[in-house]
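Subject: Structure for you to look at

Hello,

Here is the structure I promised to pass on. Please open it beside this email and follow along.

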Amino acid sequence: WAGSSWYFLRYMDNKNTSELASKKAIDYWQQVDLYLGGSEHATGHLLYVRFWTKFLYDLGLIPCDEPAKKLINQGMITGNSAKIIADKGKKSTFRVFINGKSHQFPTDDGSSKQAFYSKGMLDVNSKEESSQFYFKNIPINCINESDNSVDIKKLVNSGFETELEKAIFMTSTGIFINGEFTEYKNIPNVVTRLDSNSTHLNDEKFICQREIEKMSKRWYNVVTPDEIVANYGADTLRLYEMFLGPLEQSKPWNTNGIEGVHRFLKKLWRLFYQDGNNIVSQEEPSKAELKTLHKTIKKVAEDVENFSFNTSVSTFMIAVNELSDLKCHKHAILQDLLICISPYAPHIAEELWQNALGNTSSIINAEFPSFNADYLIEDSFSYPISINGKHRANMEFSLQTSAAEVEAAVLANEIVQKWLEGKAPKKVIFVKGKIVNIVM
């Protein structure tokens with residue numbers, strides 16, 4: 001424990017052969033600025049690292065009695081475990097996990113047989129021919145014939161909910177799958193035919209359930225990144241993990257939402273390319289485009305300081321949507337936007353930075369853009385125009401326009417004239433920066 005509890009101090013001066021670290025190095029580096037680790041470390045590594053830090057402080061070897069200035073325990077990404085549950089039968093009941101855990105279950109004669117439901121193990125107790133059991137309650141379309149492994153994902157729908165149509169009914173001679181009966185003898189290598197002397201539960205009903213719990217190899221609910229990266233790219237995976245929720249909260253993994261993040265990156269790409277052609281222009285940005293950019297810079301800078309990465313991803317999505325609506329393909333806007341996005345999606349940012357924007361150095365060397373509050377100051381407002389409290393039109397005016405000028409322009413508007421039907425209004429209520437209401 002000692003070695004793993006003070007090595008962070010040794011890094012200050014690791015070639016020093018006469019002391020833990022020189023006073024000059026210790027005074028310069030001092031504590032770790034941020035320790036980011038799982039809460040499960042609290043009674044292990046963190047306990048010991050605090051003990052050793054205080055011990056070395058008491059000896060006068062270091063100037064700080066806490067190892068880190070700030071501690072963040074990141075939330076755990078939990079997995080979905082698929083389980084096969086047997087309803088109560090006439091003679092006995094049992095419950096088996098499909099994710100690798102073995103269970104003892106009672107049979108009619110009071111004895112028990114062990115069933116293993118794990119990936120790649122379909123032949124229950126197959127080494128003992130006399131103890132073969134009918135425990136083959138897996139739909140045929142969930143079996144990979146090449147290796148007889150179970151595809152757990154096919155047992156439930158995309159929302160990880162129980163599908164009643166996947167219910168299985170088993171009898172002594174065959175199996176009902178989705179309402180269709182098949183004899184065991186016609187299902188080679190998938191369902192073992194029942195021995196006439198085997199103990200079984202007649203017409204037992206099985207359903208699949210999901211349970212959210214810690215990812216673990218023994219539950220076969222671990223999500224490896226390889227498949228997701230192959231299908232969507234590493235940036236989609238990074239963004240989606242941050243988008244799941246606040247850093248310090250535990251979050252259940254659900255791949256349903258990954259499509260939305262992937263679509264966002266495609267939409268970002270379309271700001272730079274259309275039909276394979278680079279459409280980035282050198283035009284001067286508009287006020288609306290600068291407002292979107294600087295709103296994003298401000299929010300992302302604040303979120304980084306607060307470790308609120310999920311809200312940063314939301315901000316990027318809003319910015320890309322707004323710039324798409326504005327048909328913005330301007331270099332000045334897109335360059336600063338890419339710098340903000342690059343820590344979150346480094347691969348696509350680097351690609352666009354060099355190939356679409358023509359930069360020769362890496363985006364990681366670019367300076368984070370400065371926020372300019374002037375671009376967020378509103379100098380005009382789109383007033384909702386109501387007649388007797390009912391919204392009929394919108395008209396934009398400078399915030400410096402007087403009430404009399406606004407009233408005159410509103411009453412001259414074609415849409416308003418249509419609703420007035422040639423009549424003079426009783427009064428016009430004008431609230432600056434809010435609304436114009438005409439009372440008839």
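Below is what was found in it, from the whole chain down to single residues.

This is a predicted model, in which local features need pLDDT of at least 70 and side-chain atom pairs count only at pLDDT 80 or more, while totals for chains, interfaces and linings use all residues. Residues are numbered from 1 along each chain as its sequence is written, and side-chain values use heavy atoms, with hydrogens and water left out.

**The whole chain**

The protein chain has 12 helices and 19 strands. These are DSSP runs, numbered from the N terminus: helices are H or I with at least four residues, strands are E with at least two. The chain holds 440 residues, and 38% of them count as buried. Buried means under 20% relative accessible area, exposed means over 50%, and partly exposed is in between (1.4 Å probe, protein chains only). Now take contacts between residues at least 6 apart in sequence: 59% join residues at least 24 apart. Contact means heavy atoms within 4.5 Å.

**The cores**

A nonpolar core is a set of buried Ala, Val, Leu, Ile, Met, Phe, Trp, Tyr and Cys residues joined through side-chain atoms within 4.5 Å. Which residues touch the most other members of the largest one? They are L268, F272 and L337, in a core of 42 residues. Two or more residues each come from α5 (234–243), α6 (258–270), α7 (287–306), α8 (309–325), α9 (331–341) and α10 (346–356). The largest share, 7 residues, is from α9.

Look at F272. Leaving out residues up to four places away in sequence, F272 touches N277, N278, I279, V280, L334, L338, L352, A356 and L357. There is also a second, separate core of 13 residues, including I385, I387, L399 and I438.

**Helices side by side**

Start with α5. Its buried residues are D235, T236, L237, L239, Y240 and M242. Their cover includes α4 (225–232), α6, α8 and α10.

Next, α7 and α8. Their axes come within 9 Å and cross at roughly 175°. Axes are lines fitted to C-alpha atoms, for helices over the stretch in contact, and angles run from 0 to 180 degrees between N-to-C directions. The two helices are therefore roughly antiparallel to each other, a label for angles over 145 degrees. On the α7 side, the contact includes E289, T292 and K295; on the α8 side, it includes T311, S312 and T315.

S312 sits in helix α8. Is S312 buried or exposed? S312 is buried, with a relative accessible area of 0%. S312 touches V300, D303 and Y344, not counting residues up to four places away in sequence.

**Two loop residues**

D275 has a phi near 55°, a positive value in a residue other than glycine. D275 is in the loop between β14 (273–274) and β15 (277–278). D275 is exposed, with a relative accessible area of 74%.

N388 is not a glycine, yet has a positive phi of about 55°. N388 lies in the loop between β16 (380–387) and β17 (390–398). N388 is partly exposed, at a relative accessible area of 47%.

Best wishes

Conventions. Angles under 35 degrees count as roughly parallel, over 145 as roughly antiparallel, 65 to 115 as roughly perpendicular and the rest as oblique.
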